[in-house]
Amino acid sequence: MNSNKLTTITNKPNGWALTPLVVFLCLYLITSLIVNDFYKVPITIAFLVASVYAVATTKGLSLNDRIFQYSSGAANKNIMIMIWIFILAGAFAQSAKAMGAIDATVNLTLTLLPDNLLLAGIFLASCFISLSIGTSVGTIVALTPVAAGIAMKTGVDLPFMTALVIGGAFFGDNLSFISDTTIAATRTQNCVMRDKFRVNFMIALPAALLVFGYYIIYGMQIETTAAVQNIEWIKVIPYIIVLGTAVAGMNVTLVLLLGIISSGIIGIIYGSFDIFGWFNAMGEGMTGMGELIIITLMAGGMLELIRFNGGIDYIIRKLTRHVKNKRGAEFSIAALVSLANFCTANNTIAIITVGPLANNIAEKYRIDKRKSASILDTFSCVIQGIIPYGAQMLIAAELTHLSPLSIIGYLYYPMVLGIVSILSILFRYPKRYS
């Protein structure tokens, strides 16, 4: 087995390379819709079947080399970084829950916000935090447990409340100056970050305001169904530390470590658990992320074989064959990054994959590079925000013990952002950059 020949080679463009993704979607999504039960087919089994199919249908390599190629995708550095975050997130979430941080934070939120502004307030908080820290995953890890607690005490559907946090998280992921998607989009299009922000802001803000207005109106009927207990202020500190350090721009792994340590110290001091109880809580949280880690590894391997077999190149070739004008060129960039994101389940990787080609299309059809960068970032975030196998959806589902499919129907912000983005291309908006 020659490891040097595997990870960089891509076969000729091939539409059949995309069939593992079709197998996964048919087994998981379509079957669940047909039987009307999102829990009938475990997502791990769907990925296992699709992965076996991907390995079996890969040509030009021995079985050992196919498995090695699959494993190289699973061991991709971006996949491994996500796994470390998942492990730390599980440890923090469970230790914070065991020492009472979640209950204390929920009670504080219910006290500070009127019932009819709870939904809009959580969405706004998610937008602000993600904009400040530049990561949707970090925002979801921090806010989802709190949102789940609020859902329990207000009677709001848990999938609805979870989707609310996810939507706000993608607002910042799309706009933040320190977001990896923003950095990738601006670098591949050779434009200044603040200029790309201006274009994006004019597209994302109307979408956010529409959703925010809906949450205000819908929230008018919300009433707290459980009595708000006394607030244990000291137990809110771990979340204040996590949110404060995240907003300050600290690395998400260090943010979660500080949250774990502060939860442990406060829990021990106030008798919520002893040191061994803390260790058990962390261990329970980490092992609880096992299914999510398995899914992430299998998704990375399967998508690497799709790339290796020419699936990504096939999409790129097909979408760029019939471009004739500026509007068509912008739609081709949007479709390229959307399909690449659909196949890679990672918006940053999708932008990096098609960014150079998008740059060539922009130059050929005289598209403003600030607009092409905005299209790349916006449409990748839209797709990443609604696919059931994206990291953000998976970790939110894991933290709330929900099926990703049960959340998708409530993802209003990514859907509205997608509609506004399409309209911005059709009607040449904003005109200054079109």
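Me: Why does Tyr214 count as partly exposed?
Reply: The relative accessibility of Tyr214 is 35%. A residue is buried under 20% relative accessible area, exposed over 50% and partly exposed in between, with a 1.4 Å probe and protein chains only. Tyr214 therefore counts as partly exposed. This is a predicted model, in which local features need pLDDT of at least 70 and side-chain atom pairs count only at pLDDT 80 or more, while totals for chains, interfaces and linings use all residues. Residues are numbered from 1 along each chain as its sequence is written, and side-chain values use heavy atoms, with hydrogens and water left out.

Me: Is Tyr215 buried or exposed, and how do you know?
Reply: Tyr215 has 1% relative accessibility, so it counts as buried.

Me: How many aromatic pairs does the structure hold, and why is the pair of Tyr214 and Tyr215 given the name it has?
Reply: There are 19 aromatic pairs in the structure. The ring centres of Tyr214 and Tyr215 lie 5.9 Å apart and their planes meet at 55°, so this pair is tilted. Rings of Phe, Tyr and Trp (its six-membered ring) pair if their centres lie within 6.5 Å, and planes under 30 degrees apart are stacked, over 60 edge-to-face and the rest tilted. Both Tyr214 and Tyr215 belong to one aromatic cluster, whose members include Phe123, Phe160 and Tyr413.

Me: How do you know how many disulfides the structure holds?
Reply: The structure holds zero disulfides, a disulfide being a pair of cysteine sulfur atoms within 2.5 Å. For Cys127, the closest cysteine sulfur is that of Cys381, at 12 Å, which is too far for a bond. Cys127 is also buried, because its relative accessibility is 6%. Cys26, by contrast, has 36% and therefore counts as partly exposed.

Me: What makes the span of helix α12 close to the expected one?
Reply: Helix α12 covers residues 252-269, and its 18 residues reach 26 Å from the first C-alpha to the last, close to the 26 Å expected at 1.5 Å a residue. The expected span is 1.5 Å times one less than the number of residues. Helices (H or I, at least four residues) and strands (E, at least two) are DSSP runs, numbered from the N terminus. Among the buried residues of α12 are Val252, Val255, Leu256 and Gly259. Just after α12, Gly271 has a positive phi of about 75°.

Me: How do you know whether Ile333 and Thr296 are buried or exposed?
Reply: Ile333, in helix α16, has a relative accessible area of 0% and is therefore buried. Thr296, in helix α14, is at 6% and so is buried. Contact means heavy atoms within 4.5 Å. Leaving aside neighbours within four places in sequence, Ile333 is in contact with residues including Ala358, Ile361 and Leu376. With residues up to four places away not counted, Thr296 touches Ile79, Met82, Ile83 and Phe86.

Me: How many helices and strands does the protein chain have, and what makes it as compact as a globular protein of that length?
Reply: The protein chain has 21 helices and zero strands. Its radius of gyration is 22 Å, close to the 22 Å that the globule rule gives for 434 residues, so the chain is as compact as a globular protein of that length. The radius is taken over C-alpha atoms, and the rule is 2.2 Å times the number of residues to the power 0.38. Of the 434 residues, 56% count as buried.
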